[in-house]
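Let's take a walk through a protein model together, going from the overall layout to single residues.

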Amino acid sequence: MKTNKVITLDNRKALVFVYGTLKKGFMNHSLIESSEFLGGGRTEEKYTMHHSFDRKIPFITKEPSYYITGELYNVSTIMFAMLDCLEGHPHWYKRDLIIVNIEGKQYRTWMYFLNDLTQPRVKYDNGTWQNLTTTLEIL
């Protein structure tokens, strides 16, 4: 559901949409679990989800395929810097502003995209990262 109002927060915090290992139940969630959880949702635009062979981690590219599902967090500027470090921004991943829909509201948030498109990867057949068994093709 589209609305005219896009929610943003003050400059001491950042909204970050996570779709992989930072989600609840995955290996890096402990890093972000003290941040304010705003809800689960999906991207306004379609993207493509992949995972790497060697690191067993997901990443997103900007080719339109599926809506990406994930979780939205309100993080401190210190946590934001820690996430940039974890994600290797701007070399491995590069963050960009996107719109996410959560419970009928739209949020302008950061999401990390794969920056090195030469990396070998497997394309997912949907936009929800859960395991390594739902793949379509090797790129």
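Read from one end of the sequence to the other, the protein goes β-β-α-β-β-α-β-β-β-β. If you count those up, you get two helices and eight strands. Keep in mind that you're looking at a predicted model, so every feature below is a feature of that prediction.

Pick out β5 and you have the element with the highest mean pLDDT, 97, while strand β8 (residues 135–138) has the lowest, 40. Over residues 132–139 the pLDDT is below 50, although this stretch has 24 contacts in the model beyond near neighbours in sequence. Read that end with some care.

Now for how the chain comes together. Of the contacts in the protein with a separation of 6 or more, 66% are between residues 24 or more positions apart. The protein has 139 residues, and buried ones make up 43% of them.

The largest nonpolar core has 32 residues, and Y19, I60, V75, L83 and M111 touch the most other members. Two or more residues come from each of β2, β3, β4 (58–76), α2, β5 (93–102) and β6 (105–114). Which element gives the largest share of this core? That's β4, with six residues.

Zoom in on Y19 for a moment. Leaving aside neighbours within four places in sequence, Y19 is in contact with a whole list of residues, including M49, F59, I60, I68, Y93, M111 and W129.

The largest pocket has a volume of about 250 Å³. It is lined by 17 residues, and T21, N28, I57, E87 and Y93 lie nearest its centre. The elements that give two or more residues to this lining are β2 (13–18) and α2 (77–87). Sorted by class, the lining has 11 nonpolar, four polar and two charged residues.

Next, a couple of single residues. H29 is found in helix α1 (residues 29–32). Is H29 buried or exposed? Its relative accessible area is 12%, and buried means under 20%, so H29 is buried. Not counting residues up to four places away in sequence, H29 touches T21, L22, K23, K24 and Y73. H29 and V18 are 11 residues apart in sequence, and their C-alpha atoms are 9.7 Å apart in space.

S52 lies in strand β3 (residues 36–52). With a relative accessibility of 2%, S52 counts as buried too, because that is under the 20% cut-off. Beyond residues up to four places away in sequence, S52 touches I57, F59 and P120.

Finally, two backbone details in the loops. In the loop between α2 and β5 you'll find P90, and a cis peptide bond joins H89 and P90, with omega at about 5 degrees. Move on to the loop between β5 and β6, where E103 sits. E103 has a positive phi of about 50 degrees although it is not a glycine.

How values were computed
Residues are numbered from 1 along each chain as its sequence is written. This is a predicted model: local features need pLDDT of at least 70, side-chain atom pairs count only at pLDDT 80 or more; totals for chains, interfaces and linings use all residues. Side-chain values use heavy atoms; hydrogens and water are left out. On a 1 Å grid over the protein atoms alone, a cavity is a set of points where a 1.4 Å probe fits but cannot get out, and a pocket is an open set with protein on both sides within 12 Å along at least five of seven lines; lining residues have an atom within 4 Å of a point. Grid points are joined across faces, edges and corners, and a volume is the space filled by probe spheres set on the points. Helices (H or I, at least four residues) and strands (E, at least two) are DSSP runs, numbered from the N terminus. Ala, Val, Leu, Ile, Met, Phe, Trp, Tyr, Cys and Pro count as nonpolar, Asp, Glu, Lys and Arg as charged, and the others, Gly among them, as polar. Buried means under 20% relative accessible area, exposed over 50%, partly exposed in between (1.4 Å probe, protein chains only). Contact means heavy atoms within 4.5 Å. A nonpolar core is a set of buried Ala, Val, Leu, Ile, Met, Phe, Trp, Tyr and Cys residues joined through side-chain atoms within 4.5 Å. pLDDT is the predictor's confidence in each residue, from 0 to 100.
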